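Student: Please take one part of this chain and go through it closely. I would like the helix packing and the loops that follow, with the cut-offs stated.

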Amino acid sequence: MKISVFGAGYVGLVTAVGFAEIGNTVTCMDFDVAKIDKLREGKAAFYEPGLEELLARNVDSNRILFTSSQKEAVTSGDILFIAAGTPPQSDGSADLSAIFDIASAIGQFSEETKVIVTKSTVPVGTFKRVRDIIQAELDRRGEAIAFRVVSNPEFLKEGTAVDDFMKPDRIVVGADDPAAFEVMRELYAPFQRRESIIIEMDIASAELTKYSANAFLAARISLMNEISRIAERVGADIEQIRHGVGSDPRIGHSFLYAGCGYGGSCFQKDVNALIHTAESLGLNPQLLKSVDAVNESQKNSLFEKIHSHFNGHLADKTFAVWGLSFKPDTDDMRCAPSIPLITALHRSGAKIHAYDPVAIPTATDIFSDLEKVYFHESKYSALRGADALILVTEWKEFRAPDFEEISRALNQAIVFDGRNQWDPIKLLTMGFQYFSIGRPLRATPQTKGTATNLFDLEYDSRFLET
C-alpha cells in the first residue's frame, strides 16, 4: 500500500518506519528541513531503542522516503496519516493548528480518493473540523473528490515504541463508513497473525479512547503518590502496599509505582486537554483536576525532602543528579520531574552535577541559563564532591551501582531515591542516610552491618506526626 505520514516526531516516524518495515511504500513529511536531511541519511532526530536500525534499513531499501513538501506527501499516498504534534496551550487545550494545516493541504492537493487517518491525540470532534476543512478546499477548487476520515489513535510508549507498533495489544479504529473499516483491516492485517485485535467504533469514541486511557494511567500513578504521603506519616511502606494492592486481579501491578511524579508528552498534556474539553461542555471534572494537582505537587517531593534534611541550607551544597529524561530509554524531557527539581535546587543556590545516558544534549538546552548546572559523561564522575546523590530517572544502569564507590565519592553518604529503586536495608546497613518515597525508615547507631529486614530499622519520627 502507498502511505504518507505527516509529521516525523515520535508518533509519525515510528508509524512511518513501522509500515515500511512490513513492505509498504511510505512517504514521511515534515517541515523541518534539517530533520528531513538527517532522516534521509537514516539518522533519527531523537533517541528511541531500535528505531534507527529499522530506519536505516528501510531508507536503504527505498521503502521510506522523506520530504518537506506537503503536495508530494498528499499525491504520493493513498492512505494519509496525520501525526503532527498537538502541544498544550496556556488554557490547557490542545493546539490543533498543525492538524488543520495538514487538512487544508490535503484538500488543496488531492487528485483522487484518499483515506485520511488522524493518528495524533486530538479532542473529541476534531474529525468534523478536519472533514470540513478538506471539503471546503475541494469546494473552493470545484472538485468532487471522495474522501474518508478515520480515527486511529496511537498507544505507543516512549522507550518501547517500536515494539508497541510492531506488536500492538490493540488497534483502535474509528470510522463511519464500512469501506473505511475495510481499508484499515487490510492495512493492519500483517500485525495480526493469530487473532484480530482491531477494535472498531465510531470516530468520537475512538478520539476519546486515547484520552481516557492516559487519564486512567495517570490517575493510578497520582493515587499511589497520594497514598505514599500517607504511608510516610503513619510509618507504612508503600512498596509493600503496592504488592498487596497489585495482587488484586481487578487492579494489577502496572502503573502502581510511587515516585517523584510523572512527566512526558502525553499524560500531563492529555489530562489537561480532557479537563478543558469537560469544562467546555459545562462539566466539572474534579477527579481529573486532582490527578493533575497531585502530580504537580509530587514533583516537588524530592526537593522538599532535600530542603528539610539540610534545614534549608542549600547555598553551599552540591548535588549529584542521576537521570534527566522523564522516563528510561528516551531523551525526551518534556514535563520531566528533573526540571522543577534542578530549577528549585539552583534557585536555592546549590550546584548540580547531572548525568543521564542519552538526555544530556536536551538538558543542555533546557538549563542553558542556569550557571551552576554541570553535565558529566559518567554517573560516577557526577558524584565527586557532592553532598548527596539524587536518583530521578530509573535507567537500567542505575539498578545495581557500586555503592561503595558512591560512598567514597560523596562528601556524605546521603541518597534521595525518587523511584524507590534501591533496597533500603542494604543502603542503611552500609551507613547511608537513605530517603525514598513512602518508605520512612532510617538507620540507628546499632543498625550498620546488622539489619536483615525492615523490622530491624526504626521509623523517622518526623514522618510519624499526625
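Tutor: What follows goes through a helix pair and then the stretch after it. This is a predicted model, in which local features need pLDDT of at least 70, side-chain atom pairs count only at pLDDT 80 or more, and totals for chains, interfaces and linings use all residues. Residues are numbered from 1 along each chain as its sequence is written, and side-chain values use heavy atoms, with hydrogens and water left out.

Helices (H or I, at least four residues) and strands (E, at least two) are DSSP runs, numbered from the N terminus. Helix α11 (residues 267–280) packs against helix α12 (residues 286–298) at an angle of about 145°, and their axes are 9 Å apart. Axes are lines fitted to C-alpha atoms, for helices over the stretch in contact, and angles run from 0 to 180 degrees between N-to-C directions. Contact means heavy atoms within 4.5 Å. On the α11 side the contact is made by Gln268, Val271, Asn272, Leu274, Ile275 and Glu279, and on the α12 side by Leu288, Lys289, Asp292, Asn295 and Glu296.

In helix α13 (residues 301–309), the buried residues include Leu302, Phe303 and Ile306; buried means under 20% relative accessible area, exposed over 50%, partly exposed in between (1.4 Å probe, protein chains only). Just after α13, Asn311 takes a positive phi of about 55°. Most residues other than glycine have a negative phi. Asn311 lies in the loop between α13 and β9 (318–322) and counts as exposed because its relative accessibility is 61%. Asp329, in the loop between β9 and α14, also has a positive phi, of about 65°. Asp329 counts as partly exposed, at 24% relative accessibility.
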